[in-house]
Amino acid sequence: MRFDELLEKKEAKQVQLLKSLLLRGGTSMISSLAKELGISKSSLETYIEDLMWINDTYKKEATLFYDGALVTLELAPSFSLEVIETHLYKDSIKYQIMDYLYHHFEYSTVALTNRIGISESTLFRKIKELNVSLKEFGLTIWQGKLVGEESQIRYFYYCFYWYLDNYAQKEISFKQQSLIDAIERGLGVNFLPENTKRINLWLIISKKRISYASPIYTELKKAIEPYERDTLYLELKSIVLRVLGHYAVEVDEEEAMIHFCFLMSFQAMSQNDFYKYEILRSKFTPVGLVDTFILESLILYYAPLKLSHQLESQVNYYLSRVHYRLYFFRGTIEVLSREYIIETEKDWSGHVIAPLIETLFSSVEGDYEGLSLEHNKTLIDYSKLQYLHIIALIDSQINRTVTIGVKLVLEDVYQDVSTTRLINEINCLNGVRCMKYDASKSFDLVISNKPINHAKAQTYLLSELGTTYDVIHITRLIRDISTNKMTKEINVKKIQL
């Protein structure tokens with residue numbers, strides 16, 4: 001699910017327009033922007049005119065200009081486009097419906113239409129559209145209620161409010177902090193500051209939902225079975241029943257199950273605490289098996305280069321978070337543009353990561369529903385982005401694989417400046433080590449502006465210094481060299497969970 005699914009068609013296009021401007025550096029020709037958005041120039045001009053409220057609402061913090069040819073968006077250094085997006089999302093009818101269902105559990109048609117100020121036909125149409133978006137979470141709005149697994153309902157509202165209500169910046173009340181401290185002491189772990197904010201929101205949602213009369217726990221109980229003897233789960237179970245016992249309702253064992261799912265999926269523990277837990281946990285649980293398999297596959301892929309013990313521990317920490325979330329939950333709400341991240345990957349990676357990610361995901365099969373495209377496609381796509389960043393982390397810390405020599409033949413001062421600039425630009429790529437050319441050393445690629453006699457390595461001749469054309473083609477060549485050097489069959493049998 002994407003947040004722009006909450007919007008009407010017009011508002012969704014307006015958000016897309018603003019994001020496109022941002023990705024283009026803030027300025028674009030009206031014709032090229034219309035082509036990118038797939039609408040006519042006149043329609044785009046109407047959208048721009050309707051967005052001029054930004055200038056009045058945000059004064060000098062955000063300004064939108066249009067002179068008949070160029071469209072320009074200017075944001076103050078302390079202002080983010082996210083503010084405008086959030087305003088549009090929270091003003092939408094679908095947001096108000098979901099917010100109402102969170103606070104009231106169920107609705108009557110008359111009460112909800114009066115509250116939002118819409119007709120019954122509009123309400124029914126919006127609920128039908130919401131059900132399409134909620135399907136990936138295994139949820140549906142039916143007979144005035146949000147129906148589905150209780151863990152999924154809480155997970156959905158966590159994703160929903162974490163971004164739209166900006167809980168990362170909210171202060172935690174004294175009462176909530178005391179509750180978090182009690183859980184922290186009971187488990188003997190330290191929660192990181194951002195994770196404390198996440199736990200705060202989860203506990204707020206849980207306190208609201210705990211009084212719901214008829215929760216569904218069918219899938220949750222099945223998923224938690226392999227963890228019933230897990231040391232952390234048993235400790236958390238005791239703490240939850242004791243600490244949350246002051247609520248005005250009876251706290252069941254399922255509450256401990258739900259909290260365990262969240263703490264593991266969003267890795268509330270620090271890396272050091274997780275390492276201690278990882279030593280004790282069973283390696284034969286679904287997530288334990290996948291963690292081990294994927295980590296060993298990555299180690300084999302990078303061999304003979306070795307991951308340091310610290311890096312291996314860090315990678316396992318991040319992988320485990322991805323796998324727990326895939327195991328316990330379905331769906332996600334996209335905040336960042338997946339397509340844009342994939343597109344920009346080539347700007348900072350020295351080799352093509354996508355095929356490796358696909359190989360790793362396709363190597364895990366069996367009854368692990370979270371890794372089934374049919375069951376959990378959106379969250380899998382999101383998890384592949386996390387894999388991309390985990391592998392980029394390995395690339396940035398492991399011994400670099402592609403060595404490049406730069407030999408420019410120019411006037412003395414200009415030669416030094418141009419060589420240094422080119423080396424710095426290329427060294428920004430992960431998995432690359434670039435330096436001045438030395439005939440006594442071995443290189444995978446030599447870059448020069450003049451032919452080099454007796455060069456043993458592949459050579460790239462610059463057409464003109466500093467051109468975008470050369471940078472694009474050098475990057476492409478580096479990725480080809482690196483991919484060819486590192487492409488291997490991962491000779492590990494597929495695992496059956």
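In which hand, left or right, does helix α16 cross helix α17? In this predicted model, α16 passes α17 in a right-handed crossing. Helix α16 is formed by residues 286-302 and α17 by residues 309-328, and the two pack with their axes 9 Å apart at an angle of about 135 degrees. Because angles over 145 degrees count as roughly antiparallel and those of 65 to 115 as roughly perpendicular, the arrangement of α16 relative to α17 is classed as oblique.

The contact draws on residues of both helices. On the α16 side, Pro286, Val287, Val290, Asp291, Ile294, Leu295, Leu298 and Ile299 take part. Their counterparts on α17 are Glu312, Val315, Asn316, Leu319, Ser320, His323, Tyr324 and Tyr327. Sorted by class, this contact of α16 with α17 contains 11 nonpolar residues, together with three polar and two charged ones.

Strand pairing was examined for β1, β2 and β3. Strand β3 (residues 70-75) runs antiparallel to strand β1 (residues 27-29), to which it is joined by three bridges. Within this pair, Met29 lies opposite Leu70 of β3. Strand β3 is also joined to strand β2 (residues 62-66), here through five bridges and again in an antiparallel arrangement. In that pairing, Tyr66 stands opposite Val71 of β3. Strands β2 and β3 form a hairpin with three residues between them, and in this hairpin Gly68 adopts a positive phi near 100 degrees. In general, side chains along a regular strand alternate between the two faces of the sheet.

How values were computed
Residues numbered from 1 in each chain as written. Predicted model: local features only at pLDDT ≥ 70, side-chain atom pairs only at ≥ 80, totals over all residues. Heavy atoms only, no water. Pairing = 2+ DSSP bridges. Helix = DSSP H or I, 4+ residues; strand = E, 2+ residues; numbered from the N terminus. Axes fitted to C-alpha atoms, helices over the stretch in contact; angles between N-to-C directions. Parallel < 35°, antiparallel > 145°, perpendicular 65-115°, else oblique. Left-handed = near helix turned anticlockwise from the far one by under 90°. Contact = heavy atoms within 4.5 Å. Nonpolar A, V, L, I, M, F, W, Y, C, P; charged D, E, K, R; others polar.
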